[in-house]
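This report looks at one helix and at one group of charged side chains. Please view the model below before reading on.

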Amino acid sequence: MLKIEKTLQSVRDLLDRLGKEGVEFTLTESEYSDCIADIHNPNKAYVFLECSIRPNGTFVWLDYDHHKGVCDFDEFRMRIITLTADEYLDRAKDKRKQWNDLCDGTDTPMPDSLAAAVSDMEDKANRLKALLEPDDPPLLDGRDIAILKELKPYGVVKPAEESQRLRELGVLERRYYIDQVFDALTDKGEKALKFASHVERTV
């Protein structure tokens with residue numbers, strides 16, 4: 001089987017799995033002459049502005065946060081799952097904020113229908129994140145990337161709260177050598193930086 005055929009089958013399997021969680025992406029013949037297929041967002045879910053598969057099996061994409069990149073299937077799988085889960089978490093957060101603003105910040109319970117909708121979004125996001133592999137790295141923002149890149153050998157990330165946050169993300173670990181205490185990148189951290197290097201800002 002050709003590499004592109006394996007990639008397309010992997011994409012179909014992935015999209016089918018996402019569909020079982022109620023997230024219906026579609027795979028169509030590409031509108032672009034240099035690509036084989038396009039991947040389209042589910043209704044009312046904003047994950048990719050554009051996403052296409054090239055003949056060599058790589059993915060070229062543009063998201064709604066002004067990022068673009070080229071990656072292989074392993075990275076694409078992590079990215080589409082994470083971005084989709086984050087989309088549903090953001091929608092749930094926005095619904096909670098809208099209700100809070102409507103109630104002038106008072107602790108007023110949401111109507112059952114709205115509470116159920118918000119809970120469904122959060123549950124869907126958690127089910128999606130459960131599809132990630134144990135060694136899948138998180139998507140890093142610009143601040144996290146800068147901190148990890150600037151970390152010197154035997155250095156410690158400061159303030160302590162930032163070090164703790166990055167350790168909880170799994171990209172840093174605390175190490176000890178004789179009388180030294182320092183932070184070091186984990187394998188997941190190395191992978192996160194590798195994936196981040198494939199991304200560019202469009203603005």
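Is Asp 136 buried or exposed? In this predicted model, Asp 136 has a relative accessible area of 6%. The cut-off for buried is under 20%, so Asp 136 is buried.

**Charged side chains**

Asp 136 forms a salt bridge with Arg 77, at 2.7 Å from N to O. This pair links distant parts of the chain, 59 residues apart: Arg 77 belongs to helix H2, whereas Asp 136 sits in the loop between H3 and helix H4 (142–150). Arg 77 is also buried, its relative accessible area being 11%.

Arg 77 has a further partner in Asp 74, again with a salt bridge of 2.7 Å, N to O. Here both residues are in helix H2, 3 residues apart, which is about one turn of the helix. In general, an α-helix has 3.6 residues a turn, so residues three or four places apart point the same way. Asp 74 counts as partly exposed, at 29% relative accessibility.

Another salt bridge joins Asp 135 to Lys 191, where the closest N and O atoms are 3.6 Å apart. This pair, too, links distant parts of the chain: Asp 135 is in the loop between H3 and H4, and Lys 191 is in helix H6 (residues 187–196), 56 residues away. Asp 135 is partly exposed, with 45% relative accessibility.

| Salt bridge | N to O distance |
|---|---|
| Asp 74 and Arg 77 | 2.7 Å |
| Arg 77 and Asp 136 | 2.7 Å |
| Asp 135 and Lys 191 | 3.6 Å |

A network of salt bridges links Asp 74, Arg 77, Asp 135, Asp 136 and Lys 191. Over the whole structure, the search finds 16 salt bridges.

**Helix H1**

Helix H1 has 18 residues (residues 3–20), which should span 26 Å at 1.5 Å a residue; the end C-alpha atoms are 26 Å apart, in agreement with that value. Which residues of H1 are buried? They are Ile 4, Thr 7, Leu 8, Val 11, Leu 14, Leu 15, Leu 18 and Gly 19. Because these residues cover an arc of only 140 degrees around the axis, they lie on the same side of H1.

The buried residues of H1 pack against strands S1 (26–29), S2 (37–40), S3 (48–53) and S4 (59–63), and against helices H2 (73–102) and H3 (112–129). After H1 comes Gly 22, with a positive phi near 85 degrees.

Conventions: Residues are numbered from 1 along each chain as its sequence is written. This is a predicted model: local features need pLDDT of at least 70, side-chain atom pairs count only at pLDDT 80 or more; totals for chains, interfaces and linings use all residues. Side-chain values use heavy atoms; hydrogens and water are left out. Helices (H or I, at least four residues) and strands (E, at least two) are DSSP runs, numbered from the N terminus. The expected span of a helix is 1.5 Å times one less than its number of residues. Buried means under 20% relative accessible area, exposed over 50%, partly exposed in between (1.4 Å probe, protein chains only). The arc is that of the directions from the helix axis to the C-beta atoms. Contact means heavy atoms within 4.5 Å. A salt bridge is a side-chain nitrogen of Lys or Arg within 4 Å of a carboxyl oxygen of Asp or Glu.
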